[in-house]
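Me: I have a structure open and would like to learn how to read its side-chain contacts. Could you take me through them?

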Amino acid sequence: MRSWRWDVNNYSVIGKRVPKLDALDKATGRAQYGHDLNLPGMLVGKILYANVPHARILNIDISRAEKVRGVKAVITGEHNPVHKFGYGADNTPLKADKVRSRRDEVAAVAAMDDDAANEALALIRVEYAELPPLYSAEAALAAGAPLVHEERANNLFLRYNYAHGDAERAFDDADEIVEEEYFLPYVTHAAMETSFALAVFDLQNRLTMWSTTQIPFLLQRDLSEALGMPGRDIRIIQPTIGGAFGRGLDVYPFEPICALLAKHSGKPVRLAFTRDEEFFATATRQPAHVKMRTGVKRDGTLWARDASVLLDAGAYISWGAVTPLVMMETTASLYRVPHAKFVADVVYSNNPPTGAMRGYGNPQSTFFVETQMDMLAEKLGMDPVEFRLKNANIPNSETPQGLKITSCGLRECITEVAERIGWERRSSVSSNQLSVVSNQSSVSSNQSPVSNPQSPIRRGIGIACTLNVGGGARIYRSDGCGATVKVDDFGRVTLISGSTEIGQGSETALAQIVAEVLGVRVDDVTVINSDTSVKPWDVGTHASRTTFIAGNAAWIAANQVREKILDHAAQMLNVSPNHLEMRDGMVRVQGDAAGKGIAYDKVVRAMHYREDGNVVSGTGWYDPPTKLVDKDTYKGNISAAYGFGAQAVEIEVDTETGQVRVLKIVAAHDVGRAINPMYVEGQIEGGAQMGVGYALSEELQVREGRILNPSLLDYRMPTALDMPPIESVIIETADPEGPFGAKGVGEMGGNPTAAAIANALYNAVGIRMNQLPMTGERVLRALKEKERMENGD
């Protein structure tokens, strides 16, 4: 726990809307993304994919490809090192004996330009002996199913089995029970920048790779395993990254393939995905088939939950296999529930591999948990808001799962969104009323729609809540991050952070933390964080951890510098260090702004510009006070802090077409303290946009292992024209462990949106949608089925 020595009402830069450090570079096109890099003699890398779901490789003929003018290297599985890599240790760069999905890499070329590379790929001939494919997790678990990986006894990679209390017996004591089945789709990241790698070896056989990774130090280790070379001889540089959303949390075959092409050609090789490749060759959010029941007492006390989840991991295991840890957290700990059971099977198939995506299992689990909360409230005759408030977590408590909740603003989030959406209007826009709706894309939250029996448009209001790790997540042995802060002669502060900037604005938040500690402007702070040969170690950007973990490390390093400066200034001013403060670039006596003081850069020069001087610097390392969850019980405090949130939405439904339009979103999130409110709002609004897509339109269509919609046109992400007004409400609870009280917020914004929309849909037209996305076709089908049932057909 930290004791902050600053007056929370008198911050200089914390809580201020400071522009991003790289805003001008990005706005003017000066920022250099990976796709902009160009080294002398650089070659173009291209990959040949199998396009068959399951087969033995009988022969690969590359002889004609090698003769294409401008081709410098052609490689196949014969060029692989002997080591396998990846989370499941089941993958190789190029496939030598067998392919397990259509996107399996069977050969690669390096050539002087795209035309030569593509011509060479077209001339490679591969002979296959096709094997029976498995296109679902259910088929893969069936008796006698062919094995995706023959070295395994079956296609079940892992079963998660969590329980607290006695769920089986508890359902006997429940007064009301709801039970539903859910089908949740493949979803892809669709980052603005496609995946990229650029590899070059020097004369000492040391590899430098520029990459869009989120885990530069872990990528060093993973490439070491994949390439069979020492990790100390691998350097990772991150250019400006155009989005990631979890895509870069693992090593994927294209990265070691790029390195192998550079090795065999003796030239730098650039491998950049086309947009089509980005859709079919990157890991996606895994689909889920869920069965869950929830029991409640008559007085509204949540009593028991029992969830069974089947996850299709695809042909290879990546970090998507760990999402059940988050799903069980939502199931068992979003609310206070004394009895819970959660079982999840992660299964191999011949579908595309799945991985980590923003929310990391939380959008899925929040959907089935929060829709059942509304169902239970209806059965009890309780208001959904009151039902949630009754069962909400509270500060300074511990869940049966072992989550140690310190700060918690869940109740404040619920009451804020209910008030701002106009929850009292919910009955007037219920499923029993039709309403006249204007063509405008916004709606006043204080005005009830006008009843009109002739209109096909109906409106509804819904709510949903979320719990998310906000203080890191110990999924590795270390969840730490390092930082170094140094000050030069002229007062320029440099923060060297292990963290990774992927567009979320973390560089600026870290600069604000350092600037506040040292009493300087944010413009006086430079952040360096892109090169593993320069920056200290960090586990990576994931789990909404950067502001909390890297921020704490930066605070520790900056505070060391602060104490050194204050000690020396005290000698110069002949006062006690405890009586000094650093503010506005000055060191001065506290409470005496116009009196005794000295410019801090003058103090710094006096500290090292002398015979016995020294560099003015500090180092910080922060690893949160958490533990890996128990591998048998899955209990334990995985995060040092937890974020909470609630979203309320108002929608309209066209009962003639089934189309759903979101009119307004109110999103309140407990972020501890907003280091920069503008970026917090950006994270919330960006997350909500992804949540709207998850709810209404986004689905990566996978049929027989093939991606049917590998384009931005057909994938149907919401555009700016599809988005409603979003009212972001920042709830500050000042977490005792976070830097200046901050908690992570990067993922929360997208977790509850789909559930809130589904609950609003039920409020509008009385149908429960258990399959995402809730497209117009599916909604219309459900409306017609409801009508048939009401008519007794």
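Me: Which side chain meets that of Arg-293 in a salt bridge?

Reply: Happy to start there. First, a word on the source: this is a predicted model, in which local features need pLDDT of at least 70 and side-chain atom pairs count only at pLDDT 80 or more, while totals for chains, interfaces and linings use all residues. Residues are numbered from 1 along each chain as its sequence is written, and side-chain values use heavy atoms, with hydrogens and water left out. A salt bridge is a side-chain nitrogen of Lys or Arg within 4 Å of a carboxyl oxygen of Asp or Glu. Here the partner of Arg-293 is Asp-306, at 3.5 Å from N to O. This pair links distant parts of the chain, 13 residues apart: Arg-293 belongs to strand β13 (residues 288–296) and Asp-306 to strand β14 (residues 302–314). Helices (H or I, at least four residues) and strands (E, at least two) are DSSP runs, numbered from the N terminus.

Me: Is Asp-306 buried or exposed?

Reply: The general idea is that buried means under 20% relative accessible area and exposed over 50%, with partly exposed in between (1.4 Å probe, protein chains only). Asp-306 has a relative accessible area of 14%, so Asp-306 is buried. Arg-293, with 21%, is partly exposed.

Me: How many salt bridges does a search of the whole structure find?

Reply: There are 44. Glu-727 lies in strand β32 (residues 726–732) and Arg-420 in helix α12 (residues 410–421), so their contact ties together parts that are 307 residues apart in sequence. Both ends count as partly exposed, Glu-727 at 25% relative accessibility and Arg-420 at 32%.

Me: Which lysine forms a salt bridge with Glu-727?

Reply: That is Lys-664, whose closest N and O atoms with Glu-727 are 3.5 Å apart. Because Lys-664 sits in strand β29 (residues 660–672) and Glu-727 in strand β32, this pair ties together parts 63 residues apart in sequence. Lys-664 is buried, at 13% relative accessible area. Elsewhere, salt bridges with shared partners join Arg-56, Lys-98, Arg-100 and Glu-150 into one network.

Me: How many aromatic pairs does the search find?

Reply: A pair of aromatic rings is described by the distance of the centres and the angle of the planes. Rings of Phe, Tyr and Trp (its six-membered ring) pair if their centres lie within 6.5 Å; planes under 30 degrees apart count as stacked, over 60 as edge-to-face and the rest as tilted. The search finds 14 such pairs. In one of them, Phe-254 and Phe-273, the centres are 4.9 Å apart and the planes at 50°, so the pair is tilted. Phe-254 is in helix α7 (residues 254–265), and Phe-273 is in the loop between β12 (269–272) and α8 (275–280), 19 residues away. Phe-254 is buried at 6% relative accessibility, and Phe-273 is buried at 5%. One aromatic cluster brings together Tyr-87, Phe-157, Trp-319, Tyr-348 and Tyr-476.

Me: And how many disulfides does the search find?

Reply: A disulfide is a covalent bond between the sulfur atoms of two cysteines. The cut-off is a pair of cysteine sulfur atoms within 2.5 Å, and the search finds zero disulfides. For Cys-408, the nearest cysteine sulfur is that of Cys-413, 8.2 Å away. Cys-408 is buried at 5% relative accessibility, and Cys-481 is buried at 0%.
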